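This report covers the strands, helices and aromatic rings of one protein model. The model is predicted.

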Amino acid sequence: RLRLLKDYVAAGGGLLMFGGYCSFQGFRGTARYHNTPIEDVLPVECIPYDDRVETPEGFRPVIVDAAQHPILAGISGEWPLLLGFNEVVAKPGALVLATATSDYRNLPLLVLGHHGAGRTLAWTTDIGPHWLPPEFSNWAGYRRLWTQALTWVIGDRAS
């Protein structure tokens with residue numbers, strides 16, 4: 001199935017991968033996306049061991065350049081706190097839209113890429129509770145962020 005997804009994206013499909021307990025490499029490395037066809041497609045490389053970074057004190061995403069990409073269009077002001085993420089490495093040529101703070105080595109948080117004719121997106125934290133608290137999912141920018149992200153990933157097929 002992973003090869004089928006890779007072929008789908010190469011042919012012009014889209015893939016969004018969200019972080020969490022068992023995503024990227026995840027808890028004790030049990031997600032095991034490192035060295036798979038999915039990692040080939042993603043705009044990030046998975047590290048080969050438990051990649052969870054817990055931040056119980058919270059951090060605010062650092063937006064690299066909001067004016068330069070339609071996914072972040074119209075989203076302004078301070079983003080809510082996040083409580084953790086999966087550690088990954090952005091691939092050469094990937095576009096990093098948001099990172100963790102310097103306390104967490106500015107590790108990638110929202111990364112975009114292309115594979116063949118398709119588009120890919122990696123969001124290295126949750127999209128719902130555990131690392132993403134209710135304040136984030138209730139934030140006015142949340143819906144806009146994911147609507148615009150999905151629109152970008154599906155590309156020309158949106159119309």
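Trp79 is buried, with a relative accessibility of 4%. Its ring pairs edge-to-face with Phe136, at 6.2 Å centre to centre and 70° between the planes. Trp79 sits in the loop between β4 and β5 while Phe136 belongs to helix α3 (residues 134-137), so the pair ties together parts 57 residues apart in sequence. Phe136 is also buried, at 0% relative accessibility.

The structure holds 11 aromatic pairs. Another edge-to-face pair joins Phe18 and Trp146, at 5.2 Å centre to centre and 85° between the planes. Because Phe18 lies in strand β1 and Trp146 in helix α4, this pair connects parts that are 128 residues apart in sequence. Phe18 is partly exposed, with a relative accessible area of 26%, whereas Trp146 is buried at 14%. Ring pairs link these residues into a cluster that includes Phe18, Trp79, Phe136 and Trp146, along with Trp123, Trp139 and Tyr142.

## The open sheet and its helices

Five strands form an open sheet with mixed pairing, in the order β1-β9-β8-β7-β4. Its edge strands, β1 (14-18) and β4 (62-63), each pair on one side only. β4 pairs with β7 (residues 95-99) in the antiparallel sense over 2 bridges, and Val62 stands opposite Thr99 in β7.

Helix α1 (residues 2-10) lies across β1, β8 and β9, at about 120° to β9. Helix α4 (residues 140-154) lies across β1, β8 and β9 as well, at about 150° to β9.

## Strands β3 and β5

Strand β5 (residues 82-86) is largely enclosed by the rest of the structure, because 4 of its 5 residues are buried. β5 pairs with β3 (residues 52-59) in the antiparallel sense over 4 bridges. Arg52 stands opposite Asn86 in β5.

Terms used: Residues are numbered from 1 along each chain as its sequence is written. This is a predicted model: local features need pLDDT of at least 70, side-chain atom pairs count only at pLDDT 80 or more; totals for chains, interfaces and linings use all residues. Side-chain values use heavy atoms; hydrogens and water are left out. Two strands pair if DSSP finds at least two bridges between them. Contact means heavy atoms within 4.5 Å. Axes are lines fitted to C-alpha atoms, for helices over the stretch in contact, and angles run from 0 to 180 degrees between N-to-C directions. Buried means under 20% relative accessible area, exposed over 50%, partly exposed in between (1.4 Å probe, protein chains only). Rings of Phe, Tyr and Trp (its six-membered ring) pair if their centres lie within 6.5 Å; planes under 30 degrees apart count as stacked, over 60 as edge-to-face and the rest as tilted.
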